[in-house]
Amino acid sequence: MAGKLRYRPPTTAAEKQQRDQTRAAQLEQLHAQLADSVRALRTGDDWQRLLTTASHLTGYSFRNLVAIYAQRPQATQVAGYKAWQTLNRQVHKGEKGIRILAPVTKKLNSDNPDGASADQDDSASDAQKSPRTVVGYHVVHVWDISQTTGDPLPLPPTMALITGQAPPGLWEGLADLTTKQGFILERAALPGRTNGETNFTTKTVTVRPDIDDAHAVKTLAHELGHILLQHEELLSNGCRGLLEVEAESVAYLITASRGLATDDYSFGYVANWATAVAGKQPEEVVTETGQKVMGTAATIIEHLEVTAQDPAITELASRAEQAARSTAALARRADAAKTHADHRREDSPPPHRPDLVAIHEAALAFYKDNLTHHTAPTAYLQRRGISDATTTDWALGYATPGWTDLVDRLRGHGFTEQTIEESGLGLRSRDGKLIDRFRDRIMFPLRNENAHVVGFIGRTLATNPNMAKYLNSPETPIYSKTTVLYGLPEQSQQLAAGATPVLVEGPLDVLAISETTSNTVGVSPCGTALTASHVSALRGAIADTSPVIVAFDADTAGRQATSRAYDLLQAHPGPCRTVTWPNGDDPASYRHDNGTATLQHHLQNAQRPLVEVVIDEHLHRWQRGLDHPETRVAAARAIAPMLIASPGTEIAPRAAYLAQKTHLDYETVNTILIAAVEHQTSSGQRIRARGQPDEATAAPSPAALAHQGFDAPLTLTGAAGSATAAPGRKTTNPLEQVTHSL
């Protein structure tokens, strides 16, 4: 029986010549296909679909992205044959590979042409690896995940974020990179419908304060794209359309990579901007634009990964944003008449704060009455386990599907169109007609510290996947989403009596927690990330020694929100704990599936110190390399700044947990933490002139370190034997110590 045919490398000169000719023909064919594919990009939808492919396939050059898109437009995860095997997946028999370009490299300063070799890296990126240089390209094959079978891979970010909400840390990361470019970031009103503006003369970036969080990060990513693409010098060339395409394409890739919906993006015809550069062919402009866009987006994404691990940057940016929002809110109150002049009769005075409170009370009465006359919302609440008593106590309601049902009712109560629009309960349609903001939604009233209704959050009953599940009131002179916690005013008496607050994500979660036990109450930021103002309001309602439980959803966004909550709660003297939910549940769905008694048991018995979950989340980013001692030490060093910000009594148990999770000995972790304290101290005092350090700038003393929870002095056993390290002085290298112990 004949054996299986195997590949035999060419040996004779004729065979080698035939191989080279075949490769050259394949390369020429792929280059021709690339040129045709670039020329085929005609409409804005064509460009957007290419960007969607790019958002899934990070690390590939623009040419290879075009090649992949042309051959398999629906590709989401691409790798070579061997790479799929290492992931325990196998390419289906008979599947046609996707042809892309891989670099051929040779060693620098090598005169030997035989030193050239094909770079067979399955990532197939065009990155050059020192000390080799690229001398050409050849054709290799990769396959999409849909062409393989085997073990499942981690899921990419979903597009199911609540409308108005941005992923935690995204704004902060973009803001940090903006300031690092020498620009001042501000939230201020802009003329017309402009949402953002970059002024290269004054070095300022302005984002409107009255747009949703998700739209704000999209706008900031767009303006940051202008900065990193150095558009200042190009503005005088008349290529404004091309510049906007480049910046908007960067914003598209950033938002898509973080799971934000991209349905509202639109791009003009490629020919409109690709022909705007004199002396260049359209396909040349498209290729250059793609290369610049991919490189700029990669720079921003890399920075976001770094800042996500830096709680100091996150907290600083959060405070700056909150200050900007507060300033903007004051400005809106002062200029309310001017802001809404286009829709106001000249003889109509601007609405006053009591008018806005009164109109929300009237809307609440309308919504509550609706709920008693409609079976669909009542049936939905019953299916979710919400009792009639809770529906009444929490004043739940229903917004009917009609376009102007509430607006007509409010007009009948004597409220002007200006007041209806200023309250956020009504908004203008495209033809200028005033319509209801909330339609066919279960309504949850949002109250301020005086228990006055100042806004609403509505949960849709529609099954349309393109419709936002939750919709918040916009910011108004009486409502700011960054300061109001749903459930806090309603349960202030229970909290004052000693009930434990449980931070959750949505209003149904709040009701699930609050109905479960008498000693726990749910509170939620509802529709935005947890802020310092939220935490300040919560701490004002509880005792300093009261525990706080964080019980956000179990998905990626929930874990990130938990890390954010830890940063904001570090100043709270009481214990901070967390409860995680199995199988991707949230409190409401967990109760629905398992019952109230099981939820109560889980709340009481599944609590862990909040810091442990945050440490786990940080270590998850290092998971692949934790088998190596170098990676374990690097991970501990990255987490150290977060731990040293804790109260002194908390540091020792947290250090012990970090040592357990990284498989480092306690002394090594303690040494890393001391080094972090020393670095923090010296970094904070660099404004001093050169000379001998005084008491304020000197490294922390043993007594100061002991006060923060560290052992002093330390005795370490490293590569050189036993060494006693006094805090404030150089200690044994932790890496040497751990590698020696291994």
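Modeller: Let us begin with pairing: two strands are said to pair if DSSP finds at least two bridges between them. Please keep in mind that this is a predicted model.

Biologist: What makes strand 16 and strand 17 a pair?

Modeller: Four bridges join strand 16 to strand 17, and at least two are required, so the two strands pair. They run parallel, and Pro-501 stands opposite Val-521 in strand 17.

Biologist: How do you know that strand 16 also pairs with strand 18?

Modeller: The bridges between strand 16 (residues 500-503) and strand 18 (residues 548-550) number two. The cut-off is at least two, so the pairing holds. These strands too run parallel, and Val-502 has Ile-549 of strand 18 as its bridge partner.

Biologist: Which sheet do these strands belong to, and in what order do its strands lie?

Modeller: The sheet is open and has five strands in the order 17-16-18-19-20, with mixed pairing.

Biologist: Why are strand 17 and strand 20 said to stand at the edges?

Modeller: Strand 17 (520-523) and strand 20 (607-609) each have a single partner strand, so one side of each lacks a neighbour in the sheet. On average, neighbouring strands here are turned by 35° against each other, direction ignored.

Biologist: Which residues show that both faces of strand 17 are covered?

Modeller: Side chains in a regular strand alternate between the two faces of the sheet. In strand 17, Thr-520 and Gly-522 lie on one side and Val-521 and Val-523 on the other, and all are buried.

Biologist: Which helix lies across strand 16, strand 18 and strand 19?

Modeller: Helix 20 (residues 556-569) lies across these strands, strand 19 being 576-579, and runs at about 160° to strand 18.

Biologist: What makes helix 23 mostly covered?

Modeller: Nine of the eleven residues of helix 23 (residues 610-620) are buried. Among them are Glu-612, Glu-617 and His-618.

Biologist: How do helix 23 and helix 24 cross, and which residues meet there?

Modeller: Their axes come within 10 Å and cross at roughly 145°, helix 24 comprising residues 629-644. The crossing is right-handed. From helix 23, Val-611, Val-614, Ile-615, His-618 and Leu-619 meet Ala-635, Ile-639, Met-642 and Leu-643 of helix 24.

Biologist: What makes strand 10 and strand 13 a pair?

Modeller: Three bridges connect strand 10 with strand 13 (residues 441-447) in the antiparallel sense. The threshold is at least two bridges, so they pair. Ala-399 has Arg-441 of strand 13 as its bridge partner.

Biologist: Why is the aromatic pair of Phe-366 and Tyr-367 called tilted?

Modeller: The structure holds seven aromatic pairs. In this one the distance is 5.9 Å centre to centre, with 55° between the planes.

Biologist: What makes the pair of Trp-394 and Tyr-486 tilted?

Modeller: The ring centres are 5.5 Å apart and the planes stand at 45°, so this pair is tilted. It links distant parts of the chain, the two residues being 92 residues apart. Both count as buried: Trp-394 at 11% relative accessibility and Tyr-486 at 1%.

Biologist: Why is Arg-439 said to sit over the ring of Trp-403?

Modeller: The charged end of Arg-439 is 4.0 Å from the ring centre. The limit is within 6 Å, together with a position within 35 degrees of the ring normal, so a charge that meets both is said to sit over the ring.

How values were computed: Residues numbered from 1 in each chain as written. Predicted model: local features only at pLDDT ≥ 70, side-chain atom pairs only at ≥ 80, totals over all residues. Heavy atoms only, no water. Axes fitted to C-alpha atoms, helices over the stretch in contact; angles between N-to-C directions. Contact = heavy atoms within 4.5 Å. Buried < 20%, exposed > 50% of the residue type's maximum accessible area, 1.4 Å probe, protein only. Phe/Tyr/Trp six-rings, centres within 6.5 Å; stacked < 30°, edge-to-face > 60°. Left-handed = near helix turned anticlockwise from the far one by under 90°.
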